[in-house]
Amino acid sequence: MIDLMLLLFLVVCAIAAVSMKDLLSTTIILGVYSLIMTVVWTRLNAVDVAFTEASVGAGITTVLIIAALSRTKREEEGQEYGMWSKLLNPQDLKLTDKQSPLLWLTSLFIVLITGAVLIYGTIDMPDFGDPDAPANIHLAKRFIEESYEETGVPNFVTAILASYRGYDTLGETTVIFTAGISLILLLRRKSYICDTTIKEKEMKEHIVIRTISRILIPFVQLYALYVIAHGELSPGGGFQGGVIFGSSIILYVIAFGLEEGRKVRIFREMGDLLNSTGVLIYAGIGVLCLLAGGAYLEYDKLPLGSEKMASSLGIYGIEIGVGITVAAVMITIFFITARHER
Amino acid sequence: MTLTESLPILVIIIPLISAIIIPLIGRIDKSIAFAFVISANFLSFIISISLLNTVMETGRISYWLGGWEPPWGIEYVVDYLSGFVLVIVSFIAFIISVYAKKSVEMEVEGEKILPFYSIYMLLVTGFMGMIITGDIFNLYVFIEISALAGYALIAIGKKRAALIASYNYLVLGTIGATFILLGIGYLYMATGTLNMADLRERLPMLYDSKVVLTAFAFITVGLSLKLALFPFHIWLPNVYNHAPSVVSALMAATSAKVIAYVLVRIMFSVFTMKFDLEVVPVTKILLFLSVIAIIAGSVLAIAQTNIKRMLAYSSIGQIGYIVLGIAISNQLSMTGSLIHLLNHALMKGTLFLVVGAVVYKTGMEDISSLKGMGKKMPFTMAAFTIGALSMIGVPLTVGFVSKWYLALGALKAGMWFLVFIILVSSLLNAVYFWRVIEGIYFHQKPKVRSQKSTTKDSIESLKPEIQNQDDAPVGMLIPTLILAGLCIVFGIAAFIPVSVVTPIVNMLLEV
C-alpha cells in the first residue's frame with residue numbers, strides 16, 4: 001500500500017516538475033522527487049543506493065541547479081501555455097518554425113512507442129523479489145556468501161563496488177573528474193573579482209542561518225569523514241561522504257560569502273589540485289597493485305600484511321580517493337556555476 | 001604478472017593517468033603537458049600494435065581486473081576485432097595529438113589549453129575503454145566518460161553556435177546513453193550477468209523472452225543515436241561544424257568507428273547471427289536505414305557551402321556504408337564494413353586535418369575560401385585531393401577497397417540494387433568533392449577590390465594573382481601527409497588490412 005502511495009507521489013512530482021514554469025519550484029520539486037526515491041530505495045532494502053540518492057539527488061544536485069539558476073532567469077521562457085492546455089488543444093501551440101503540430105505529434109508518438117516497448121518488456125520479467133530470478137542466483141550468490149572471506153569487507157555492497165567491480169568505480173570517479181574539468185574548461189573566467197554568491201549585506205541579517213551553520217558545519221564534516229571511513233562496515237563510502245563534505249563547504253560559502261578574493265583563490269587552487277589528486281590516488285593504487293605483481297586493482301597483492309588486511313586497506317585507500325575527488329569537484333562546480341559579482 | 005601480461009590494462013591506464021596529471025604538471029610548464037599528451041598517445045599506440053600482434057600469434061587475450069575471475073569481476077578482452085579497432089583509434093589519436101599543438105593554440109584560449117588536453121586524453125581513454133572491455137556495464141561507464149569529454153570539447157568551439165551544437169548533442173547523446181543503460185539493465189535482469197562472453201552463453205535460451213527483445217531494441221536504438229545513423233543524424237553536422245578543428249578531426253575519424261564497433265560487438269558477440277537474422281528483423285531495418293543514409297548524406301553534402309559541414313554530411317553517408325556491410329552480414333560485406341572502419345578513419349582524418357590547416361592559415365571554413373589554395377598550400381591541398389579521391393572511391397585508394405568489398409558482398413547476397421546505390425553515391429561524392437578540387441587548382445583566389453579601384457587596378461585584377469607558397473607549419477603538415485599517404489598505401493596494399501580483417505569476420509560469423 002505504502003509503495004503504491006510512493007509511486008503515486010513520484011508520478012505527481014514528475015508531472016508537476018514538467019508543467020511548472022518557475023524553474024526554482026521545478027528544482028525543489030525534483031528534490032522532493034529524489035527524497036521520495038530515497039524512501040523507495042530504502043523500502044527495497046537498497047540502503048546504499050538510498051544514501052546516494054539522498055545526498056546527491058535530493059541534496060547537492062538541488063543546490064547546484066539553484067547555483068546555476070542564479071546565472072539565468074527564474075522563469076522558463078517561450079511557453080505561452082502550460083503543458084495541459086497543449087495536451088488538450090494542440091492548436092493553441094505557439095507555432096514557431098521549429099515547433100509545428102506535426103513535430104509535436106511525432107514526438108508524442110515516439111514517447112508513446114518507447115513507453116509501450118518498456119511495458120512490453122515487463123511481461124516476461126521475473127516476479128518482484130523472486131529468489132529464483134536470474135539476477136539472484138548467478139553472480140549475486142557468490143557476492144553474498146563469499147565476499148567477506150574474499151575481500152575482508154563486511155558490507156558486500158562495498159565489496160562489489162570497490163573490489164569485484166572496483167574498476168567500474170574508478171570509471172565513475174573519472175566521470176566525476178571529467179565533469180569538473182569540463183566546467184573548468186568551459187565556464188571558468190580568468191578573473192574572480194569577488195565570489196560572493198549572496199551579498200554580504202543580505203546575509204548579515206540572517207543571523208539564524210549563520211549561527212546554525214557555524215554549529216552544524218563541523219558536525220557535517222565529521223559525519224562525512226565517518227561515512228567515508230565506515231563505508232566498509234555500513235552503508236556509505238567515498239562517494240556519499242565526498243558529496244556530504246562538499247556540501248558542508250558550499251553551506252559555509254552560502255552562509256558567510258567569500259568576500260575576500262584571497263580565499264577564493266585558495267579554494268580554487270586547492271580545488272584544482274584535489275580534483276586530480278583523488279582520482280590519481282585511486283588509479284595509483286591500481287598501479288601499485290601492478291607493481292606488486294598482481295592484476296590492476298588486485299589489492300590482496302599489496303605488501304600490507306595478510307591478504308585480507310591488504311585488500312581491506314586497499315579499499316580504504318580508494319574510498320579516500322573517491323571522497324577527495326567527489327568533494328573537490330562538487331566545490332569546483334559550485335564555485336564555477338554560481339553567480340559572481342562583477 | 002609480467003609487463004606483457006599487463007599490457008591490456010596499460011593501454012587504458014596510460015592515457016587515463018596522463019589525463020589526470022596534465023592539469024597538475026601543466027602548471028610547471030605547458031610544453032611538458034603537450035609532450036605528455038604525445039608520448040601517452042604514442043605509448044598506447046605501440047601497446048595496441050603489440051596487443052594485436054600477440055593476438056595474431058596466440059589468440060584471444062583475457063585480462064581479469066582486480067584478479068577476479070569473470071563473470072564475477074570485469075574482464076578485458078583483446079581479440080582480433082578489438083585489437084584491430086584499438087590500433088586504428090590509438091593511431092589516429094596519436095597522429096592528431098602531434099598535429100594539435102598550433103591548431104589548439106589558435107583556436108583555444110591560453111589558460112584553457114591544459115584542461116583542453118586533459119579532456120582530449122579523457123576522450124581517448126573513453127574510446128579505448130569502450131573497445132577493449134568485455135563487460136557490458138563497464139562499456140557503459142566508458143561510454144559516459146567519452147560522451148562527457150566529447151560534449152565539453154565541442155562546446156569550446158569559438159562561436160556561440162558551438163554551445164548550441166554541444167547542447168543538442170548532449171540531449172540526444174544522453175537519451176542514447178540512457179537507452180543503452182536501460183537495455184543493459186534488462187539484460188542483467190534476464191540473465192543475471194554482465195560479462196559479454198557469459199551473456200553469449202546464457203542468452204540463446206532466452207531469445208524469445210520479451211525482456212531480452214526489449215533490451216536489444218533499446219541498445220540498438222541507443223547506439224544508432226550515438227552513431228548518427230539516419231534518421232538520428234541531426235546532431236552531427238552542427239557538432240563537426242562548430243567544434244575546434246582538432247576535435248572535429250578526432251570525432252570524425254574515431255567516434256563513429258568506436259560506436260560501430262560496439263554495435264558489431266553487441267550484434268555478433270553478445271547476441272548471435274542467428275538472433276539478428278531469425279529472431280528480430282534488425283538486419284533488414286539497418287539495411288533500409290543505411291541505404292537512406294548513404295543517399296541522403298551525399299545529397300545533403302552537395303548543398304553545403306561550409307567545408308566542415310560538407311564533410312559532416314559526407315560522414316553520415318559513410319556511416320551508412322559501415323552499417324550497410326553489417327546489415328548484409330555475409331563474409332564479403334562484413335570485410336568491407338570492417339575495412340571501412342580503418343579506411344574512413346584515414347580519409348576523414350586527412351580531410352579534417354587539411355581543413356584544420358586551412359582554418360589555421362586563413363581563419364575561414366567556406367568552400368570558396370579554398371579557391372586557388374593549390375598554389376598557396378600545395379602539400380596540404382595534395383593531401384586533400386588524395387582524401388577526396390578516396391572518398392569518391394577511385395581505384396588505388398582505400399575508398400575503392402571498401403566499396404569493392406561492399407559491392408561484392410551485395411552481389412553475393414543477390415541484392416544487385418545495392419551496387420547501384422553504391423555507384424550513385426560515389427557519383428554524388430564525385431560531384432561535391434570535384435567542386436572543391438576544381439576550386440583548389442583551377443580557380444584564382446577572388447581578389448578583394450578596394451572601393452577606389454582605378455582602371456589600372458581592375459586590369460591588374462584580371463591577371464592571375466601570383467601567390468606565394470605559404471603552406472601549413474611542419475608540425476601540422478607531416479601528420480596530414482602521413483594519413484594521406486596511408487590512404488594510398490592501404491589502397492594499393494589492400495591485402496594488409498584484409499588479412500587482419502578476415503579472421504575477425506570468420507570469428508563474428510562463426511564460419
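## Exposure in this model

A residue counts as buried under 20% relative accessible area, as exposed over 50%, and as partly exposed in between. A:Arg43 has 45% relative accessibility, so this arginine counts as partly exposed. The model is predicted.

A:Arg43 has a partner. Its side chain forms a salt bridge with A:Asp3, and the closest N and O atoms lie 2.9 Å apart. The pair links distant parts of the chain. A:Arg43 sits in helix α2 (residues 23-43) of chain A, while A:Asp3 sits in helix α1 (residues 2-19) of chain A. The two are 40 residues apart. A:Asp3 has 37% relative accessibility and therefore counts as partly exposed.

## Salt bridges within the chains

Side chains of opposite charge can pair when their charged atoms come close. Over all chains, the count comes to 16 salt bridges.

One of them is in chain A. The side chains of A:Glu298 and A:Lys301 meet at 2.9 Å, N to O. A:Glu298 counts as buried because its relative accessibility is 12%. A:Lys301, at 37% relative accessibility, counts as partly exposed.

Chain B supplies another. B:Arg202 forms a salt bridge with B:Asp198, with the closest N and O atoms 3.6 Å apart. The two residues are 4 residues apart in helix α7 of chain B, so about one helical turn separates them. B:Arg202 is partly exposed, with a relative accessible area of 28%. B:Asp198 is buried, with a relative accessible area of 12%.

## The interface of chain B and chain A

The contact takes 64 residues from chain B and 53 residues from chain A. The area buried between the two chains is about 5,100 Å². Carbon and sulfur atoms give 69% of that area.

Several elements of chain B give two or more residues to the side that touches chain A. They are α1 (3-25), β1 (61-64), α4 (113-132), α5 (136-155), α6 (161-191), α7 (196-202) and α8 (210-227). The largest share of this side, 12 residues, comes from α1(B). The residues on this side of chain B divide into 43 nonpolar, 11 polar and 10 charged.

## Charged links between the chains

How many salt bridges are found across the interface of chain B and chain A? The rule finds 4. One salt bridge joins the side chains of A:Arg142 and B:Glu69, at 3.8 Å from N to O.

## Cysteines

A disulfide is a covalent bond between the sulfur atoms of two cysteines. The structure holds 0 disulfides over all chains.

Are A:Cys289 and B:Cys487 buried or exposed? A:Cys289 has 0% relative accessibility and therefore counts as buried. B:Cys487 counts as buried because its relative accessibility is 0%.

Notes: Residues are numbered from 1 along each chain as its sequence is written. Chains are lettered from A and ligands numbered from 1 in the order in which they are written. This is a predicted model: local features need pLDDT of at least 70, side-chain atom pairs count only at pLDDT 80 or more; totals for chains, interfaces and linings use all residues. Side-chain values use heavy atoms; hydrogens and water are left out. Contact means heavy atoms within 4.5 Å. Buried area is the accessible area (1.4 Å probe) that two parts lose on being put together, summed over both. Ala, Val, Leu, Ile, Met, Phe, Trp, Tyr, Cys and Pro count as nonpolar, Asp, Glu, Lys and Arg as charged, and the others, Gly among them, as polar. A disulfide is a pair of cysteine sulfur atoms within 2.5 Å. Buried means under 20% relative accessible area, exposed over 50%, partly exposed in between (1.4 Å probe, protein chains only).
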